[in-house]
Amino acid sequence: MTERKPAGVSFESWVDRQIRESEQRGDISQLPGFGKPLESLEAPYDENWWIKQKMQREGVSVLPPALALRKQAEDVAEAVPGARTEAEVRRMLAEVNEKIRAAIRRLPPGPPLNLKPFDIDAVVDEWRTTRDPS
């Protein structure tokens, strides 16, 4: 919408005309989410809702790199029992270990890392013993 409001036309009637013309062209019915209920209507009001949604869409983290890596290591440790194969366990652990080793080599800004790489063989052995044999 690059059209400027003409002089002498009230702002309200100009906006109403723009909306009406958009509806007639079918532009509004093509918008994402058209006809669907608004998300989070029942959630308590948060004045920064739009910032949080934008950050989530963009994949932006507000955690310092060290804390983000700690969280990722915790998530992997929680996901290991649900892994279906040993190869999957080893892949998950190898990925996070690579990131931990890189962070140890060049310490990230923020709080101390306080992480060491997972002992993959020990975690796999524990996974095998706790796994349901059926």
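Let me start with N97, which is found in helix 4; helices here are DSSP runs of H or I with at least four residues, numbered from the N terminus. This is a predicted model, in which local features need pLDDT of at least 70 and side-chain atom pairs count only at pLDDT 80 or more, while totals for chains, interfaces and linings use all residues. Residues are numbered from 1 along each chain as its sequence is written, and side-chain values use heavy atoms, with hydrogens and water left out.

On confidence: pLDDT is the predictor's confidence in each residue, from 0 to 100. The chain averages 86, and 96% of the residues score at least 70. Helix 4, residues 86–105, has the highest mean, at 94, and helix 1, residues 11–25, the lowest, at 84.

Back to N97. Its relative accessibility is 0%, so N97 counts as buried (under 20% relative accessible area; exposed is over 50%, partly exposed in between, with a 1.4 Å probe and protein chains only). Apart from neighbours within four places in sequence, N97 is in contact with P117, F118 and I120, contact meaning heavy atoms within 4.5 Å.

Now the helix pairs. Two packed helices are described by the angle between their axes and the distance between the axes. Axes are lines fitted to C-alpha atoms, for helices over the stretch in contact, with angles from 0 to 180 degrees between N-to-C directions.

Helix 4 and helix 5, residues 120–130, have axes that come within 10 Å and cross at roughly 145°. On the helix 4 side, the contact is made by E86, V89, R90, L93, A94 and N97; on the helix 5 side, by I120, D121, V123, V124, W127 and R128. By class, these residues are 7 nonpolar, 1 polar and 4 charged. Nonpolar covers Ala, Val, Leu, Ile, Met, Phe, Trp, Tyr, Cys and Pro; charged covers Asp, Glu, Lys and Arg; the others, Gly among them, are polar.

What about helix 3, residues 65–79, and helix 4? Their axes also come within 10 Å, and cross at roughly 160°. The two helices are therefore roughly antiparallel to each other (over 145 degrees; under 35 is roughly parallel, 65 to 115 roughly perpendicular, and the rest oblique). Helix 3 contributes L69, Q72, A73, V76 and A79 to the contact, and helix 4 contributes M92, L93, V96, K99, I100 and A103. That contact has 9 nonpolar, 1 polar and 1 charged residues.
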